[in-house]
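Let's take a walk through this model together, one neighbourhood at a time. Please have the sequence and the coordinates open as you read.

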Amino acid sequence: MENLPNNSQPFPHRGAMLWDDSRNAGFSIADNPQTGVNADFASINWMSQYNDPKSQLKMVQKLVKLRQRSDALNQGQVYIGKLYEHSAFTITRFFREDNTTKGRACCLLTT
């Protein structure tokens, strides 16, 4: 969900929460609500994110659950590898106790 277009203020203009594809994005039943909604609310809203198993909302929910189950992700140390060919690097996260790595280590390659 994006901020509303804004040319007159230095900060982004926040719109109403886009709950679903109904009138005023499900935020209000008023004829002329004071808080606007983005024009794309019919396709980009909370309900469509909730129902799509590959949406950003579902991905964040899965990552939160993973972090809760992993000491490495919850309270581990981070090592960021060297930049490779100006476009890729690794991030490694691991949990150490008494100078020993405990449990699983997580490694991510990003480009």
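Predicted model: local features only at pLDDT ≥ 70, side-chain atom pairs only at ≥ 80, totals over all residues.

Residues are numbered from 1 along each chain as its sequence is written, and side-chain values use heavy atoms, with hydrogens and water left out.

Begin with the strands. Helices (H or I, at least four residues) and strands (E, at least two) are DSSP runs, numbered from the N terminus, and two strands pair if DSSP finds at least two bridges between them. Strand β1, residues 77-80, runs antiparallel to strand β2, residues 89-97, with four bridges joining the pair. Look for Y79, which stands opposite T92 in β2. On β2 you will also find the pairing with strand β3, residues 100-110, again antiparallel and over eight bridges. Here F89 stands opposite T110 in β3. Two residues separate β2 and β3 in a hairpin, and D98 in its turn has a positive phi of about 55°.

Now move to N24, in the segment before α1 (46-51). Is N24 buried or exposed? N24 is buried, because its relative accessible area is 16%; buried means under 20%, exposed over 50%, and partly exposed in between (1.4 Å probe, protein chains only). A polar atom of the N24 side chain lies 3.1 Å from the backbone oxygen of S28. Leaving aside residues up to four places away in sequence, N24 touches I29, A30, P33 and V37, where contact means heavy atoms within 4.5 Å.

Next comes R23, which forms a salt bridge with D31, their closest N and O atoms being 2.6 Å apart. The term stands for a side-chain nitrogen of Lys or Arg within 4 Å of a carboxyl oxygen of Asp or Glu. A search of the whole structure finds one salt bridge. D31 is exposed, with a relative accessible area of 67%, whereas R23 is partly exposed at 46%.

Finally, visit the surface. M1, M17, W19, F27 and I44 make a nonpolar patch of about 460 Å². Patches consist of residues with over 30% relative accessible area and no salt bridge, joining like charges within 9 Å and nonpolar side chains (Val, Leu, Ile, Met, Phe, Trp, Tyr) within 5 Å; accessible areas come from the Shrake-Rupley method with a 1.4 Å probe, and for residues only the protein chains shown count as cover. M17 lies in the segment before α1.

Terms used: Polar contact = N/O pair within 3.5 Å; in protein donor to acceptor, adjacent residues only side chain to side chain.
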